[in-house]
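User: Could you walk me through how the helices and sheets are arranged in this model? I have the sequence and the coordinates open.

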Amino acid sequence: MRTALVGQRIDVAAIVAEVTAPENGAVSLFLGTVRNVNDGRAVDGIEYNAYAPMAEREMAAIAREASERFGTPHIVIEHRTGYLPLGEASVAIAVAHARRANAMDGARWIIEQLKARVPIWKLEHYTDGTREWVEHGKGQGVRRGRGREQGVGRERERERERERGVLDAPESSDA
Amino acid sequence: MITVDVLLFASYADSAGATSVRVSVADDAHVSDVVQAVRVAKPSVTLPARPLVAVNHRYAAADATVAAGDEVALIPPVAGG
């Protein structure tokens with residue numbers, strides 16, 4: 001099990017190799033990548049900013065919780081910080097297990113937890129030269145320097161409840 | 001009174017014009033008192049009614065107490081991934 005905030009390009013092959021083991025019949029890999037449009041606005045790239053000590057602590061906690069829920073120690077989570085151009089991976093999650101259901105459900109659960117809990121923010125750079133902080137789950141950004149985030153705390157709570165409901169730990173089903 | 005340095009990030013840091021702010025609060029202050037002190041110290045900061053707060057790298061309730069030396073951070077809605 002390993003988690004990290006990283007300042008350089010994520011080495012996906014290395015992460016897959018890290019979770020691969022003879023007892024595992026499945027490796028699930030999730031990559032989050034920088035998309036060229038958000039809310040109809042053309043995006044050039046995204047700058048990721050983290051509260052590093054807390055982000056690392058939360059990522060480690062999520063990996064431990066996932067290990068218990070999905071029954072595998074073979075988990076790696078890496079998240080990039082700094083400026084990323086289009087197409088680059090901002091986050092990589094690899095989960096390996098004897099069975100595919102646990103590997104796939106584990107990776108899904110981890111990314112949803114990460115998006116809800118880990119203190120990382122993204123400043124989108126648009127092709128028109130403007131920038132905005134993105135607020136997860138709100139569907140629109142906050143214009144830099146002119147926040148309007150009233151009520152998002154409640155929205156975030158509702159979202160976390162939805163995620164908990166959808167993403168309960170799996171039964172020990174066969175893959 | 002105790003002195004607490006409060007860390008600000010993303011849109012909160014931009015609206016405050018600072019990445020941290022030093023505030024003085026009562027010895028038995030709660031998280032909510034620290035948030036109120038930040039509003040007073042940085043009137044331009046744009047915060048929701050009840051922003052998320054972390055104390056020593058853990059999410060903390062509004063009624064949690066804050067002690068001298070604690071690392072307090074106001075956490076804007078997170079957007080990792």
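User: Which strands of chain A does helix α2 lie across?

Analyst: This is a predicted model, and in it helix α2 of chain A, residues 52-70, lies across β1, β5 (75-80) and β7 of that chain, running at about 150° to β1(A). Helix α3 of chain A, residues 100-117, also packs on the sheet, where it touches β2, β5 and β7 of chain A, and its direction makes about 145° with that of β7(A).

User: How do the axes of α2(A) and α3(A) cross?

Analyst: The two axes come within 10 Å and cross at roughly 150°; since angles over 145 degrees count as roughly antiparallel, α2(A) and α3(A) are therefore roughly antiparallel to each other. The crossing of α2(A) and α3(A) is right-handed.

User: And which residues meet there, α2(A) against α3(A)?

Analyst: From α2(A) come A:E58, A:M59, A:I62, A:A66, A:R69 and A:F70, and they meet A:N102, A:D105, A:G106, A:W109, A:I110, A:Q113, A:L114 and A:R117 in α3(A). By class, the residues of this contact of α2(A) with α3(A) divide into 7 nonpolar, 3 polar and 4 charged.

User: OK, the sheet itself then. What is the strand order in chain A?

Analyst: In chain A, 4 strands form an open sheet in the order β1-β5-β7-β2, with mixed pairing. Its edge strands are β1 (2-6) and β2 (26-33) of chain A, each of which pairs on one side only. Neighbouring strands of this sheet are turned by 5° against each other on average, if direction is ignored.

User: Parallel or antiparallel for β2(A) and β7(A)?

Analyst: Strand β7 of chain A, residues 89-97, pairs with β2(A) in the antiparallel sense, over 8 bridges, and within that pair A:F30 stands opposite A:I93 in β7(A).

User: Switching to chain B, what order do the strands take there?

Analyst: Chain B has an open sheet of 5 strands in the order β2-β1-β5-β3-β4, and the pairing is mixed. At the edges are β2 (20-25) and β4 (58-60) of chain B, each pairing on one side only, while the twist averages 35° from one strand to the next.

User: How many bridges join β1 and β5 of chain B?

Analyst: Strand β1 (residues 2-7) and strand β5 (residues 72-75) of chain B pair over 2 bridges, in the parallel sense, and B:L7 stands opposite B:A73 in β5(B).

User: Which helix packs on that sheet?

Analyst: Helix α2 of chain B, residues 31-41, packs on the sheet and touches β1, β2, β3 (52-55), β4 and β5 of chain B, with its direction making about 120° with that of β2(B).

How values were computed. Residues are numbered from 1 along each chain as its sequence is written. Chains are lettered from A and ligands numbered from 1 in the order in which they are written. This is a predicted model: local features need pLDDT of at least 70, side-chain atom pairs count only at pLDDT 80 or more; totals for chains, interfaces and linings use all residues. Two strands pair if DSSP finds at least two bridges between them. Axes are lines fitted to C-alpha atoms, for helices over the stretch in contact, and angles run from 0 to 180 degrees between N-to-C directions. Two residues are in contact if their C-beta atoms, placed from the backbone, lie within 7 Å. Angles under 35 degrees count as roughly parallel, over 145 as roughly antiparallel, 65 to 115 as roughly perpendicular and the rest as oblique. A crossing is left-handed if the near helix is turned anticlockwise from the far one by less than a right angle, and right-handed if clockwise. Ala, Val, Leu, Ile, Met, Phe, Trp, Tyr, Cys and Pro count as nonpolar, Asp, Glu, Lys and Arg as charged, and the others, Gly among them, as polar.
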